[in-house]
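Subject: Model for your files

Hello,

Here is the structure I said I would pass on. My notes on it follow below.

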4 protein chains.
Amino acid sequence: MRINGTEIDDTFAEAFPMRATRLIITALTAKWALDAANSLTGFATSVIACGCEAGIERRLSPRETPDGRPGVAVLMFAMSKKQLEEQLRVRVGQCVMTTATSACFAGIHGDTMLPLGKPLRYFGDGHQISKIIDGRRYWRIPVMHGEFLCEETTGVVPAIGGGNFLVMADTARQGLAACEAAVTAMRSVPGVIAPFPGGVVGSGSKVGSKYKFMIASTNQAFCPTLKGHVKSELGADVGSVLEIVIDGLDEAAVSRAIRTGVRAVCKFGRRCGIQRISAGNYGGKLGPHHFHLRKILR
Amino acid sequence: MRINGTEIDDTFAEAFPMRATRLIITALTAKWALDAANSLTGFATSVIACGCEAGIERRLSPRETPDGRPGVAVLMFAMSKKQLEEQLRVRVGQCVMTTATSACFAGIHGDTMLPLGKPLRYFGDGHQISKIIDGRRYWRIPVMHGEFLCEETTGVVPAIGGGNFLVMADTARQGLAACEAAVTAMRSVPGVIAPFPGGVVGSGSKVGSKYKFMIASTNQAFCPTLKGHVKSELGADVGSVLEIVIDGLDEAAVSRAIRTGVRAVCKFGRRCGIQRISAGNYGGKLGPHHFHLRKILR
Amino acid sequence: MRINGTEIDDTFAEAFPMRATRLIITALTAKWALDAANSLTGFATSVIACGCEAGIERRLSPRETPDGRPGVAVLMFAMSKKQLEEQLRVRVGQCVMTTATSACFAGIHGDTMLPLGKPLRYFGDGHQISKIIDGRRYWRIPVMHGEFLCEETTGVVPAIGGGNFLVMADTARQGLAACEAAVTAMRSVPGVIAPFPGGVVGSGSKVGSKYKFMIASTNQAFCPTLKGHVKSELGADVGSVLEIVIDGLDEAAVSRAIRTGVRAVCKFGRRCGIQRISAGNYGGKLGPHHFHLRKILR
Amino acid sequence: MRINGTEIDDTFAEAFPMRATRLIITALTAKWALDAANSLTGFATSVIACGCEAGIERRLSPRETPDGRPGVAVLMFAMSKKQLEEQLRVRVGQCVMTTATSACFAGIHGDTMLPLGKPLRYFGDGHQISKIIDGRRYWRIPVMHGEFLCEETTGVVPAIGGGNFLVMADTARQGLAACEAAVTAMRSVPGVIAPFPGGVVGSGSKVGSKYKFMIASTNQAFCPTLKGHVKSELGADVGSVLEIVIDGLDEAAVSRAIRTGVRAVCKFGRRCGIQRISAGNYGGKLGPHHFHLRKILR
């Protein structure tokens, strides 16, 4: 299968179950909501070392937020409800509650709810007040800028981490140009984020290492500079491989993001140095979610 | 003392010793260097809960970087060399090494050096190569995008955390407008960062709480909505208090940042709702660095 | 009538008939479509001296454009069909056809159409080709980047120029902050533009002058620095007056833009230095369109 | 001669004498100075149809401007002093004087000065005041935002228009990526602008046409879609040609801009689809300034 001259490998991305929530952060102006969201979702590329994977889903106009102010929708993913609860408490406390004029709301309501404002309310030192509107509880915490309003809980849902595809290009310049277009296009897909810096991973890994203290290491079969030295998966022309990792709320969202992203990359095509699209998996034995590239792109 | 009608309190900011390093991150284009830096310095507002305080010092033109590519200078602060070393390993590994086309260099060289590329080199799974140029060692780690180049160590220096000033305004809108101008102006001061979202804290805290499990809580004497209920430090007109926290490499840098920031705020002045400038301290008993506002502004 | 402490004058904006068209400009990426639109709508603040008034209505996603590429919708206003036709020919030729990878489409189709690609096709020096799709004719003009695609004609409709409101503030800083918020809010209103730099006029004029060669001059009754010297319309507190001028496709659009803009300004209110909102008119004798502030805001 | 695999043609750019001035525009914040500059330099791509060629030279920090506010340096080029004088009067009056909180200063002082604030002062309707500081006259014109300050005259100098180079790429995507990098790099060269949208021309022209009423038309020898139909200058692989046109204050500045731009393009090189660099000339008979590519790049 080829699109615009770019070969699509007959393979699949293998992804894993995670737990996720969506937060809605608002502020007096869009700039401050965005500042809060960027701080909250920083250092959140890989759940193992960062405690969560997080990113901005999209910006929200005043008409789309609970308090009629400009806002941002953020998705946070962790391995368990417990881990997600812990990350919510620390990160929302440090990055959103500290932001001038911010407020924080649940972006998902469901059967299972995690504490959001519940532990943060103690920052009010007894001066906090709760309010129930339409059956939902909110905390009003007096702070120096005025009041930090925070919904008591936020919903948690089963989700998917580690959806991905690989872009093999003649040069890093060409790979980056195509991946930038893919990340831009994927912003229009609801329910997904690309948690790595700029949405792209430049140093994809394999499980394990020759060093026993390392649980993951460089995926040498996909390293262009090692082509002569190790068993390589790369053809002669491939000079750079970039990976786009996608976390999403369900299989449909991850599928749609992969489709949108790969199509955007393939608009560049063979002529712009995009040789091949592939995907990362572990032989299908570890992750229950399989995203077959050719099926998705049909 | 008044500037443009705004009262300058006769008080001082009390700040604490920290340890700091500067990193220089480069990439193929300025966008990707910035993406790496934003990820690295996210969730880094307060050292107690985040492990470090970090921020972008400034952007660097290709002429200012070791490899002639566009870059970003980042400052990271922690309580000890050990904590800073740990944060460097995890954050640079997760946020910079993963960024497509990035490289990472020491931005300070001195007597005391901390490991930078030293532990990250094992990601190369034996394929990494070291190179010594002008007496400094660099690691070339093969990755999917090509090669991640990382200096072996980076210098650590004594530094200062918690420099600050408070902006008391009629309204949050007015306080924010003035603080935005202050943060912009302070970007021209070398050797400092403002680690909170957008450079401003909306929820300044005091030590301790009525809840024993809380080590800090809202500073109620500066909360406008509590004026009638607690002993308040705020006059009748003050409707919002914002704090700018500054971490810097030495006393001169922090002083200059406070002076630059306060002057930018006072250009708005009483007529634009900026009533008063103050600063946070603990009576001078805890932190060895004192920044007297009126002395700095003279 | 007061909103948030700001007085709303019992007056009206007086506006004039113009002719307008909408163009849709697309390009390979959103950046290039925007570059073309910014060039096209530059030096287009006042129809008398610039030949037209023009501005960006909004950005368009690939799903909203005829050729599935990112785009920008632009509105252009002139005093007559003839003037608009001339401005289209020169400005689209110089600013859109010259932009790398651009294409240009009609954004309005109706009974009366003006030449768009029709005169530009001759640039092809005989190599241009026409194509009819769904009854509309397009010109494919070979150029160095590849091909400039341009619809043959674009619709012209009766429209309104000179809708406006005045923001009277304690200081220029406060007026600007409120007007920036107004211009941002007005971007969500379809069918309107604010043609002056940044959407705001700092030097509103009156008709006539003591100098016979000047057809317009400073509106001294609204100049804060002349309060002691001339008959002034300004109270003691007003230190700066800013005007937002609005051109729109019909009365409903202009009304909605004024309402949206004034409301955004009044969120700042008296406390942030916004004293009074007024509007510019000529006693109602010149322009047939009257926009009564209090009626619109009710 | 090849750089990074890209062929450098043994040819030269042919450029023409123009007259130029530099203006310094300041405002309360950098945003408003930039808004004024963007309006002033819009619709100014080609002197024949637009009356002048203009662009932003660079942003200025408060330390670099006459009034200590943030600013922008703008270059304007015309065919004669008379044409430049006329463009200054109309464009500064419509685009800078109308911008809220703006001021406008001469950016060049020399033997020959053109009127700047001199004709604009009449807008003050008799309320304008002149002031002489250090031998230079300034006009203070009362306006609604406060006061528009404008230097009486600005210097005019001999200058050069039409410096250029051509980028021949496999695809428009590749050409654009390289040209974007070139335009960014050229921003660091003082004394030059690239007057077309985004700095790039997608539809370069030749003199004359088969239609007698056209003075210029598409340069068919460089149109990739006409390769089979006309005598072409393009090899089989070239799918897109982009031109960067440069106006500058002297030969040294234009040379340096061409060198900086071509080098940035050649970093992409043959592997990223950049086949060839050439330049536009008329056989050397028309324009007195010749910029030989290979000499410049040596």
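In this predicted model, the side chains of Gln128(D) and Tyr211(C) are joined by a polar contact of 2.9 Å. The side chain of Gln128(D) also reaches the backbone nitrogen of Gly126(D), at 2.8 Å. Gln128(D) sits in the loop that runs between helix H4 (117-120) and strand S8 (129-133) of chain D. Its relative accessibility is 12%, under the 20% cut-off, so Gln128(D) counts as buried. Leaving aside residues up to four places away in sequence, Gln128(D) touches Tyr211(C) as well as several residues of chain D, including Trp139(D) and Pro142(D).

Next, chains A and B.

The contact between them takes 69 residues from chain A and 69 residues from chain B. Of the interface residues of chain A, 100% are also interface residues in chain B, so the copies meet through the same surface. About 5,700 Å² is buried between the two chains, 68% of it on carbon and sulfur atoms.

Two salt bridges are counted between chain A and chain B. Asp125(A) forms a salt bridge with Lys206(B), with the closest N and O atoms 2.6 Å apart. On the side of chain A that touches chain B, H1(A) gives the most, with five residues. That side divides into 33 nonpolar, 27 polar and nine charged residues.

Regards

Key. Residues numbered from 1 in each chain as written. Chains lettered and ligands numbered in written order. Predicted model: local features only at pLDDT ≥ 70, side-chain atom pairs only at ≥ 80, totals over all residues. Heavy atoms only, no water. Contact = heavy atoms within 4.5 Å. Helix = DSSP H or I, 4+ residues; strand = E, 2+ residues; numbered from the N terminus. Buried < 20%, exposed > 50% of the residue type's maximum accessible area, 1.4 Å probe, protein only. Polar contact = N/O pair within 3.5 Å; in protein donor to acceptor, adjacent residues only side chain to side chain. Buried area = accessible area lost by both parts, 1.4 Å probe. Salt bridge = Lys/Arg side-chain N within 4 Å of Asp/Glu carboxyl O. Nonpolar A, V, L, I, M, F, W, Y, C, P; charged D, E, K, R; others polar.
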